[in-house]
Amino acid sequence: MADRFDQTRCDILICGGGTAGAALAGIIARDTDLQIVLLEAGPDYGALADGRWPADVLNAAEICRSHQWGYYGTAHVNHTEPTGYDRARVIGGCSSHNGCVALSGHRADYDAWPSLGAPGWDWESVAPAFARAKQSLRVRHVADEEITPWQRTFVEAGIASGIPWTDDLDDIDDPVGIGASPVNIDDGRRWNTALAYLDPVRDRPNLRVIGDCMVDRVILNNGRAVGVEAIIDEQRQQIRADRVVLAGGAYGSPAIMLRSGIGPADELEALGIAVAHPLAGVGRALVDHPAVTLRMGPSEQMQQQMAAFASRGWLPEEQTLAKAQSQRCSEAFDLHLYAVSSRSPSTGIWRYSICVADVEPRSHGSVTLASPNPALPPVIDHGFLTDPDDHDLNVLADGVELVARMMATEPVARSFGPSLDELTRDDILEFVRSDVGIYYHPAGSCRMGAADDLLSVVGPNGAVHGVDGLYVCDASIFPKIMRANTNLPAAMLAEHLAPTIAE
């Protein structure tokens, strides 16, 4: 497509071909004649029919880790080693790497957004965008016969512990429940946003996808974004555009803005970056769902059951989930419990774990730069468990106690034997501090809100405050993280913002 239009200029330049960026490019290219250029730092494997997609990226049974940015950061002050914050560096972004859980959250999540400075983002306003995203991503419910023995044991243990069964975990009015997650999986294939949104329009003359392209900074002229400076084939190149959209994710988008001189003035000056536009909120409201993992040893009985199931079905690592309430929950639910299985490639032995995540966190962190050099990763501090009232710490501890009750039920005991010795509350609190990590849903670092909100970076239309022609469309703009994984909500962002950005 290189001869179809000059790649150095376009109408809309989208920086980041991840979950939201790929969807946004596909929607606008499909619905308009605007010239769209999509830049992706990782490889672009083209259309599925081209046959160039790696098998592990398409295999929905296992979490894929072959295309990584290599981000690390601080999870808790007690940790002596940095925590890996997996983010996918490939077209489709984390929708090409993840467990394919497709959840929206709860109605209350979105109904709270207008009061946070984001009118037009309440549930009734975004529900049509969610519906379109689900259709494009081929979201479906898992059939009962697909549930693996380990995942079925987890569900049975949850029900025995008092969590009701639900056949629709994505019911946005349902407070609690346990069951199989809706998934964006098509015939065992991880149906990512590149396949869903780019494949149908790759032959259109108004779309250009450029892979292996690292965006350094936005070019500003008299307070307006006029393009970006990017590194392609180890060469710097300026690409001009009428509108620039950052879609680099909760880590990448604030880093690009900071390298562009958009952000907290004191922080930029300390790095020797000229302040082009002071904007205090850039990178300052990073949030994720803090999580801990309770690990179980191998089980000969479960090993046999998994082997028998594998002979007639597939064995996904993640499949079922519970929405539950801590003692501090006042609305809907604030906990996710989910079961994970992993098989050793050398021995074939399965190991099992149950993870606990606080999906209504109060702690926040930050994304800052270590250097203006785009080859160096940003400094990531999620600030887990830093809220002054220890709310998040105690929510996770409540979740661990719930899992302990599940592990003591007959469904678990019949395969794994007696549960662990009873732990004191202090033991559990110390475990949470030592084990807390990430649920891999970073958000909020370029938060949406009113212009007079010091932590706000973009308005309800995705436009950066005070910079004409510059937008952000990814999970970094969520004004409040939803009680769900962020994959489907990120696609919703693209669906909801595409008409505005394309105007």
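Strand β1 (residues 9–15) and strand β11 (residues 235–246) run parallel and are joined by six bridges. Strands here are DSSP runs of E with at least two residues, helices are runs of H or I with at least four, and both are numbered from the N terminus. Two strands count as paired if DSSP finds at least two bridges between them. The model is predicted; local features need pLDDT of at least 70, side-chain atom pairs count only at pLDDT 80 or more, and totals for chains, interfaces and linings use all residues. Residues are numbered from 1 along each chain as its sequence is written, and side-chain values use heavy atoms, with hydrogens and water left out.

I231 has R236 in β11 as its bridge partner. The hairpin of β10 and β11 has two residues between the strands. In this hairpin, D233 takes a positive phi near 55°. Strand β21 (residues 470–472) runs parallel to β11, and three bridges join them. V244 stands opposite L470 in β21. In a regular strand, side chains alternate between the two faces of the sheet.

The structure holds 14 aromatic pairs. Rings of Phe, Tyr and Trp (its six-membered ring) pair if their centres lie within 6.5 Å; planes under 30 degrees apart count as stacked, over 60 as edge-to-face and the rest as tilted. One of these pairs is Y85 with Y251, which is tilted, at 6.2 Å centre to centre and 35° between the planes. Y85 lies in the loop between β4 (83–84) and α3 (107–111), and Y251 in helix α7 (residues 249–259), so the pair ties together parts that are 166 residues apart in sequence. Y85 is buried, with a relative accessible area of 0%. Y251 is buried too, at 1%. Buried means under 20% relative accessible area, exposed over 50%, and partly exposed in between (1.4 Å probe, protein chains only).

W113 and W121 form another tilted pair, 5.9 Å centre to centre with 45° between the planes. Both W113 and W121 are buried. One aromatic cluster is formed by Y110, W113, W121, W123, F130 and F478.

Charged groups also meet rings. The charged end of R138 sits over the ring of W191, 3.8 Å from its centre. The criterion is NZ of Lys or CZ of Arg within 6 Å of the ring centre and within 35 degrees of the ring normal. For R483, the charged end sits over the ring of F333, 5.9 Å from its centre.
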